[in-house]
Amino acid sequence: MEPLIVKRGTTVVEVARKLHNELAEGFGYARVWGKSVKFPGQKVGADHVLEDGDIVEIHSA
């Protein structure tokens, strides 16, 4: 998969919306690996702000 480039301050749900509207509407949670979390694969909510280089796995409800 290709990297998705977003502006600084982008939240997880905004990334989901950028990929597909239904993914954002059915957003359940995400797992994140990178600088914005305390430990790898941390479960985060829709309002979590991403940082450069983060890897996101989105789960729908």
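Q: What does V44 touch, not counting residues up to four places away in sequence?
A: This is a predicted model. In it, V44 touches V12, F27, Y29, A30, V32 and V37, with residues up to four places away left out.

Q: Where does V44 lie?
A: In strand β2.

Q: Does V44 count as buried or exposed?
A: Buried. Its relative accessibility is 8%, and the cut-off for buried is under 20%, so V44 counts as buried.

Q: How far apart are the C-alpha atoms of V44 and M1?
A: They are separated by 22 Å. Along the chain the two residues are 43 apart.

Q: OK, the core. Which residues make up the largest nonpolar core?
A: There are 11 residues: V12, V13, V15, A16, A24, F27, A30, V32, V37, V44 and L50.

Q: Which elements give two or more residues to this core?
A: Those are α1 and β1. The largest share comes from α1, with 4 residues.

Q: Let's look at α1. Which of its residues are buried?
A: Helix α1 covers residues 12-19, and V12, V13, V15 and A16 are buried in it.

Q: Why do the buried residues of α1 line one face of the helix?
A: Look down the axis of α1. The buried residues fall within an arc of 155 degrees, so they line one face.

Q: What is V37 in contact with, leaving aside neighbours within four places in sequence?
A: V37 is in contact with V32, Q42, V44 and H48. The C-alpha atoms of V37 and H48 are separated by 9.2 Å. Those two residues are 11 apart along the chain.

Q: New topic. Where is E51 found?
A: In the loop between β2 and β3. At 44% relative accessibility, E51 counts as partly exposed.

Q: Which residues is E51 in contact with, neighbours within four places aside?
A: K35 and S36.

Q: How far is the C-alpha atom of E51 from that of K35?
A: The separation is 6.2 Å. E51 and K35 are 16 residues apart along the chain.

Q: Now pockets. What volume does the largest pocket have?
A: About 610 Å³.

Q: How many residues line the largest pocket, and which lie nearest its centre?
A: The lining has 21 residues. Nearest the centre are L4, V6, L50, D54 and V56.

Q: Which elements give two or more residues to that lining?
A: The elements are α1 and β3. β3 gives the most, with 3 residues.

Q: How many nonpolar, polar and charged residues does the lining have?
A: By class, the lining of the largest pocket has 12 nonpolar, 3 polar and 6 charged residues.

Notes:
Residues numbered from 1 in each chain as written. Predicted model: local features only at pLDDT ≥ 70, side-chain atom pairs only at ≥ 80, totals over all residues. Heavy atoms only, no water. Buried < 20%, exposed > 50% of the residue type's maximum accessible area, 1.4 Å probe, protein only. Arc of directions from axis to C-beta. Core = buried A, V, L, I, M, F, W, Y, C linked by side-chain atoms within 4.5 Å. Contact = heavy atoms within 4.5 Å. 1 Å grid on protein atoms, 1.4 Å probe; cavity = no way out; pocket = protein on both sides within 12 Å on 5 of 7 lines; lining within 4 Å. Points joined across faces, edges and corners; volume = space filled by probe spheres on them. Nonpolar A, V, L, I, M, F, W, Y, C, P; charged D, E, K, R; others polar.
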